[in-house]
Amino acid sequence: MKLTKLPIEYQEAIPVLKKLECAGFDAYFVGGSVRDTLLGQKIHDVDIATSAFPQEIKQLFPKTIDIGIEHGTVLVLHEGEQYEITTFRTESTYQDYRRPDSVSFVRTLAEDLKRRDFTINAFALKEDGEIIDLFDGLADLENRILRAVGQPYERFHEDALRMMRGIRFVSQLGFQLEAETAKAIQENHALLEKISVERMNVEFTKMLLGNYRSAGLKAFVETQCYIYCPGLREAGEALLRFSDLPAIPLSNESQAWALLINQMGLSEKDVAPFLKAWKCSNQMIKNVQKLVYGLSLRLEHPLEPLDIYYLGKEKAQDVEELIAYFHEIPQLETVEEIYESLPIKSMRELAIDGKVLLMTSGKTPGKWLSEALESAEKAVIQEKVANEREQLLAYLSTEYL
C-alpha cells in the first residue's frame, strides 16, 4: 500500500529521514502516528526508527538530547520541531514484566517491528508514502481487529501494561480484541499487579475518555483486568453499569472519575482515598470532589445560584454536562446565565473582610470571624442583603458583632 499524500507533520520531517538515508542508514516513520494516518485521524507525535546507532544519530544532527539513549532513543531538534529517533532494537527477557533486562541494537527493520505490541502499531512508513506491513496490520485495521504481534502471551509477559493498552485501544478505536489476544489477556491479567499505578492510571483514564467507552469497559471486565486496579476489585457490576450509560464522550478526566465514582456509589469521604490510591494529583482530587458533590446535588434538583457559586462556572458546567448520562437535557445556558448574574464571583469581592469585622466589633480573632464572613457571603449570593458595607454589617450585627 502506498499513501498518495502524507500529513504535513510527516512532510516537515522528511528532511530528517533523508539525512539519515544519505548517510547510508535506513529510516522510517513508525508507531501510532502511522496507524492514525491510515485511520484518517490527526497525528500528534512523529516517531522515527532507524538502523543508525545512537552515537551515529548524534554525529549527524547538531542539536540532540539524550532522552533515553540507553534504549536507543535520541531527541533531534530540527527546524523548531522535536523528533524522537530510535535505533532498531531487540529486547531480552523481562524479569519484572515492565522493562527488558537488556536492549540490543540491530540494523534491520523486521527485527525491530516484531517486538511491537499490536499489529496496527507495527507499521513503518517511508517518505514516499509506502507502508511496510509485516504482520497483516492493514487487514486488521480494515476489519477493526486488535491483534497482538506474534504470540500474545509473549507480548504481555514482556510488558504487562500492554493488556491495559489493548483495552484502551478498544475504547478509543472501537476495535474488537482478536480471540487469542483476548484469551491471553484474561489468562495473564494478574501480571498487572507488577505494573506501577501511575502507568495504569494513564491507560485507564484514556479508556474512560474513549469514544467507544462501553466496549472498552466491557472488555475490561470480561478479561478481569479490573481486579488488579486500585479500588476496583469489587467494582465489576459498577463498571458494567458505567458501560450501560449513554454513549456520550466525556469532556475531561475529572468528569470521567466523577461519573465512575457515582456509579460505584462511593461516599464523599471515600473519594480522596480512592483517587490517592490511583496516584491522582491533589488538584485532580479537588476537582473530582467538587464534581461528585455537584452531581449529587444536580441529581436532586437543578443547580441553584449558591451551588453554582461554590462550584465555579467551569465545574458547574461540567456537572451540568454529566446530567446527560442520566437521561436529562443539560441546561448549560441557564447555568452560565445564573453564574454571570451572581452578585459576587468570590469572597474577595465581598464589601467587607476580616479587618473590617474586627474593627467594627472590637472582638479578638476566632472561629466566629470565618463564620461571619461565610454567612455574609451566602446572604449576598441568595440576595438576602446587598453587597454593601453598611448593609452587611447590619445583617451580621445580631449574631456576630
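Let me begin with helix H19, whose buried residues are Trp-368, Leu-369, Ala-372, Leu-373, Ala-376, Glu-377, Ala-379, Val-380 and Ile-381. Buried here means under 20% relative accessible area, exposed means over 50%, and partly exposed lies in between, with a 1.4 Å probe and protein chains only. Helices (H or I, at least four residues) and strands (E, at least two) are DSSP runs, numbered from the N terminus.

Before I continue, a word on the source. This is a predicted model, in which local features need pLDDT of at least 70 and side-chain atom pairs count only at pLDDT 80 or more, while totals for chains, interfaces and linings use all residues. Residues are numbered from 1 along each chain as its sequence is written, and side-chain values use heavy atoms, with hydrogens and water left out.

Against what do the buried residues of H19 pack? Their partners are helix H15 (305–311), helix H18 (354–361) and helix H20 (389–397), where contact means heavy atoms within 4.5 Å. The expected span of a helix is 1.5 Å times one less than its number of residues. Just after H19, Glu-383 takes a positive phi of about 60 degrees.

H7 covers residues 161–173, and its 13 residues reach 18 Å from the first C-alpha to the last, close to the 18 Å expected. Eleven of these 13 residues are buried, so H7 is largely enclosed by the rest of the structure. Among the buried residues are Arg-162, Met-163, Phe-169 and Leu-173. Just after H7, Gly-174 has a positive phi of about 75 degrees.

Is His-189 buried or exposed? His-189 has a relative accessible area of 12% and is therefore buried. Not counting residues up to four places away in sequence, His-189 touches Met-163, Thr-223, Gln-224, Cys-225 and Tyr-228. A polar atom of the His-189 side chain lies 3.4 Å from the backbone oxygen of Thr-223.

I turn now to the domains. The protein is divided into domain 1 (1–142), domain 2 (144–243), domain 3 (247–341) and domain 4 (349–395), with bounds that come from an automatic or database domain assignment. The C-alpha centres of domain 2 and domain 3 lie 26 Å apart, and their contact takes 19 residues from domain 2 and 18 residues from domain 3. Together, these two domains bury about 1,600 Å², 71% of it on carbon and sulfur atoms. Buried area is the accessible area (1.4 Å probe) that two parts lose on being put together, summed over both. Which three residues supply more of the area that domain 2 buries against domain 3 than any other three? They are Leu-209, Arg-213 and Phe-242, with 31%.

Across this interface of domain 2 and domain 3, the rule finds zero salt bridges. A salt bridge is a side-chain nitrogen of Lys or Arg within 4 Å of a carboxyl oxygen of Asp or Glu. On the side of domain 2 that touches domain 3, helix H9 (197–208) and helix H11 (236–243) each supply at least two residues. The largest share, seven residues, comes from H9.

Salt bridges do occur elsewhere, and the count comes to 24. One of them joins Glu-9 and Lys-42, whose closest N and O atoms are 3.8 Å apart. Glu-9 lies in helix H1 (residues 8–22) and Lys-42 in the loop between helix H2 (32–38) and strand E2 (47–50), so the pair ties together parts that are 33 residues apart in sequence. Lys-42 is exposed, at 59% relative accessibility.

Another salt bridge pairs Arg-116 with Asp-112, with the closest N and O atoms 2.8 Å apart. Arg-116 is buried at 16%, and Asp-112 is buried at 0%. Arg-116 is also among the residues in contact with Val-30, leaving aside the neighbours of Val-30 within four places in sequence. Val-30 belongs to strand E1 (residues 27–30) and is buried, at 4% relative accessibility.

I close with Arg-298 and Glu-328, a salt bridge whose closest N and O atoms are 3.5 Å apart. Arg-298 is buried at 6%, whereas Glu-328 is partly exposed at 34%.

Methods: A polar contact is a pair of N or O atoms within 3.5 Å; within protein, one must be able to donate a hydrogen and the other to accept it, and residues adjacent in sequence count only if both atoms are side-chain atoms.
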